[in-house]
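Subject: Structure handover

Hi,

Here is the structure I promised to pass on. Have a look at it first, and then read on for what turned up.

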Amino acid sequence: MANKRLDLVFSTLSDATRRAVVERLAGGPASVSELAAPHDMALPTFMRHLKVLETAGLVRSVKKGRVRTCHIEAAPLMEVQGWLAWQRQVWEQRLDRLDAMTRASDTDEDKDERTA
């Protein structure tokens, strides 16, 4: 994932309202009115949140008649998951090396104490 796209997805998900929409859509499509209902804000304000989600590629919407239905787009989330998995692996390796160094240092100190 390009850094700009990753930045855009993380920036988009930094807002609690947008995260709540993504969490809700993970359970299936929903109309804009269903998505807006739990949020204490005017509909135009909520629509701006949806626009940000659509711009980031996390949500798409389809209008049929007078109803706009939103769907989650999993691809950007899967890319973020891959990046996070890679970061987790990097940090686990670093922590494993630190643990090994600490254990080796403890063993060296034990040897020094026995020979003293």
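To start with the sheet: which residue stands opposite Thr69 in strand 3? That is Ser31. Before going further, some housekeeping: this is a predicted model, where local features need pLDDT of at least 70 and side-chain atom pairs count only at pLDDT 80 or more, while totals for chains, interfaces and linings use all residues. Residues are numbered from 1 along each chain as its sequence is written, and side-chain values use heavy atoms, with hydrogens and water left out. Helices (H or I, at least four residues) and strands (E, at least two) are DSSP runs, numbered from the N terminus.

You'll find an open sheet of three strands, in the order 1-3-2, with antiparallel pairing. Strands 1 and 2 are at the edges with a single partner strand each, so one side of each has no neighbour in the sheet. In general, strands of a sheet pair through backbone hydrogen bonds, either parallel or antiparallel. Here, two strands count as paired if DSSP finds at least two bridges between them. Strand 1 (residues 30-31) and strand 3 (residues 67-72) are joined by two bridges, and Ala30 has Cys70 as its bridge partner in strand 3. On the other pairing, strand 2 (residues 59-64) meets strand 3 over six bridges, again in the antiparallel sense. Cys70 turns up there too, opposite Ser61. Strands 2 and 3 make a hairpin with two residues between them, and Gly65 in that turn has a positive phi of about 65 degrees.

**Around Glu54**

Glu54 belongs to helix 4 and is partly exposed at 30% relative accessibility. For that scale, buried means under 20% relative accessible area, exposed over 50%, and partly exposed in between, with a 1.4 Å probe and protein chains only. Leaving out residues up to four places away in sequence, Glu54 touches Val59, Arg60 and Ser61, where contact means heavy atoms within 4.5 Å. From Glu54 to Cys70 it is 16 residues in sequence and 9.5 Å in space, C-alpha to C-alpha.

Leu6, Val9 and Thr12 are the buried residues to look for in helix 1. Viewed down the axis of helix 1, its buried residues fall within an arc of 135 degrees, so they line one face (the arc is that of the directions from the helix axis to the C-beta atoms). The face turned away from that buried side carries the exposed residues Asn3 and Lys4.

Helix 2 (residues 16-25) buries Thr17, Arg18, Val21, Val22 and Leu25. Its buried residues lie within an arc of 140 degrees seen down the axis, so they too line one face of the helix. At the start of helix 2, a side-chain oxygen of Asp15 comes within 2.9 Å of the backbone nitrogen of Thr17.

Leu13 is in the loop between helix 1 and helix 2, and at 18% relative accessibility it counts as buried. Beyond its neighbours within four places in sequence, Leu13 is in contact with Arg19, Val22, Leu58 and Leu77.

His39 is another loop residue, between helix 3 (32-36) and helix 4 (43-55). His39 is buried as well, with a relative accessible area of 18%, and touches Thr17, Ala20, Val21 and Phe46, not counting residues up to four places away in sequence.

Cheers

Notes:
Polar contact = N/O pair within 3.5 Å; in protein donor to acceptor, adjacent residues only side chain to side chain.
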